Amino acid sequence: MSKFYFLSLASGSSGNCYYIGTSEYGILIDAGIGVNQLKKILKEHGIGMEKIMAVLVTHDHADHIKSVGYLGETLNIPVYSTAAVHEGIHVSRYVEEILIQSKRIIEKEQPFHIRDLKITAFEVPHDSTDNVGYLIEYEEKSFVVLTDVGHITDTIRRYVKDIDYLVLETNYDVEMLRSGTYPEFLKERVSGPNGHLSNHDAADFLAAHYTPRLKNVWLCHLSRDNNHPELAYKTVDMRLFREGIRIGKDLSLTALKRMTPSEMFEL
């Protein structure tokens with residue numbers, strides 16, 4: 001069985017970018033960090049830009065699309081997303097280059113292939129123009145990226161039902177958000193049905209949907225102001241423990257840093 005890798009370049013409200021790939025090639029999910037930073041991190045892991053076959057975009061908020069114009073139009077890397085997300089990218093003041101030749105439109109729940117990767121986008125509620133999660137299948141392995149999640153839906157439950165690897169949003173701690181400095185309208189936006197997933201919501205979701213097949217969970221998109229990696233980790237760890245699921249024995253759990261790349265995980 002071929003090797004399969006995952007790397008978080010950045011994960012948080014200031015910028016998001018993930019790499020998933022094989023020994024020969026890979027893809028990026030979102031590109032919300034600067035191009036130089038992106039290239040530098042990949043180079044440190046021996047990945048040249050010529051190995052990047054595609055950028056998959058979840059939605060059109062700035063912290064997910066900052067570099068898609070350069071990657072698409074200057075480096076000729078195809079940029080995949082729904083028509084609505086592409087429209088959002090087109091009018092965004094955060095993207096300088098207009099996507100023309102690199103633009104690839106996908107449909108939700110219509111699988112497509114990039115080399116040996118089978119990819120399916122699916123609906124995820126969030127207050128962007130449109131928003132998707134991605135199921136990525138490679139040989140016998142299945143990987144889901146689920147970021148910027150307003151609330152858990154039946155569609156989401158269906159796509160995480162029996163997978164090996166999951167990147168899951170734990171954006172905020174309920175108490176930190178409630179007692180924090182955000183204005184009331186922003187607190188309501190973050191905690192609303194089209195906002196973000198809290199540590200407790202993510203923990204409950206994992207507790208309800210864990211199967212022995214699930215090997216790794218990475219907690220992503222942590223808020224700078226309303227969360228800490230240790231707090232997100234502990235909340236999930238304690239909730240799973242109550243269900244008899246042991247971190248380190250039954251499951252590997254990692255809280256991704258906002259501005260610091262993760263290690264390269266071999267899956």
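Tutor: Two strands count as paired here if DSSP finds at least two bridges between them. Keep in mind throughout that we are reading a predicted model.

Student: With that in hand, which residue of strand 11 stands opposite Val144?

Tutor: Strands of a sheet pair through backbone hydrogen bonds, either parallel or antiparallel. In this model Val144 stands opposite Leu166 in strand 11, and Val145 stands opposite Val167 in that strand. Strand 10, residues 141–146, and strand 11 pair in the parallel sense over 4 bridges. The chain passes from strand 10 through helix 5, residues 154–159, to strand 11, and this β-α-β crossover is right-handed.

Student: Where does Tyr165 find its bridge partner in strand 12?

Tutor: The bridge partner of Tyr165 in strand 12 is Asn216, and strand 11 pairs with strand 12, residues 216–220, in the parallel sense over 5 bridges.

Student: How should I read the two faces of strand 11, and are its residues buried or exposed?

Tutor: In a regular strand the side chains alternate between the two faces of the sheet. For strand 11, Tyr165, Val167 and Glu169 on one side are buried, as are Leu166 and Leu168 on the other, which leaves both faces covered. Because 5 of the 5 residues of strand 11, residues 165–169, are buried, this strand is largely enclosed by the rest of the structure.

Student: And are the residues on the faces of strand 10 buried or exposed?

Tutor: Both faces of strand 10 are covered as well, with Lys141, Phe143 and Val145 buried on one side and Ser142, Val144 and Leu146 buried on the other. With 6 of the 6 residues of strand 10 buried, it is likewise largely enclosed by the rest of the structure.

Student: Which other residues have a positive phi although they are not glycine?

Tutor: Asp30 has a phi near 65°, and Arg115 has one of about 55°. Asp30 is placed in the loop between strand 3 and helix 1 and is buried, with a relative accessible area of 0%. Arg115 lies in the loop between strand 7 (112–114) and strand 8 (117–123).

Student: Over the face of which ring does Arg115 lie?

Tutor: Arg115 lies over the face of Tyr25, at 4.3 Å from the ring centre. A further example is Arg246, which lies over the face of Phe241 at 4.1 Å from the ring centre.

Student: How many aromatic pairs does the structure hold?

Tutor: A pair of aromatic rings is described by the distance of the centres and the angle of the planes. The structure holds 12 aromatic pairs, and one aromatic cluster is formed by Phe4, Phe6, Tyr18, Tyr138, Phe143, Tyr165, Trp218 and Phe265.

Student: What is the order of strands in the open sheet of 7 strands?

Tutor: The order is 6-5-4-3-2-1-14, with mixed pairing. Its edge strands are strand 6 (103–105) and strand 14 (265–266), each of which pairs on one side only. As an antiparallel case, strand 2, residues 17–21, is joined to strand 3, residues 26–29, by 4 bridges, and Tyr19 stands opposite Leu28 in strand 3.

Student: How many cavities of 30 Å³ or more does the structure hold?

Tutor: A cavity, unlike an open pocket, is a space where a 1.4 Å probe fits but cannot get out. The structure holds 1 cavity of 30 Å³ or more, and the largest cavity has a volume of about 60 Å³. Its lining includes Leu166, Phe205, Leu206 and His209, and helix 8, residues 199–209, gives the most to that lining, with 3 residues.

Conventions. Residues numbered from 1 in each chain as written. Predicted model: local features only at pLDDT ≥ 70, side-chain atom pairs only at ≥ 80, totals over all residues. Heavy atoms only, no water. Buried < 20%, exposed > 50% of the residue type's maximum accessible area, 1.4 Å probe, protein only. Right-handed = clockwise from strand over helix to strand, strands pointing away. Phe/Tyr/Trp six-rings, centres within 6.5 Å; stacked < 30°, edge-to-face > 60°. Lys NZ or Arg CZ within 6 Å of the ring centre and 35° of its normal. 1 Å grid on protein atoms, 1.4 Å probe; cavity = no way out; pocket = protein on both sides within 12 Å on 5 of 7 lines; lining within 4 Å. Points joined across faces, edges and corners; volume = space filled by probe spheres on them.
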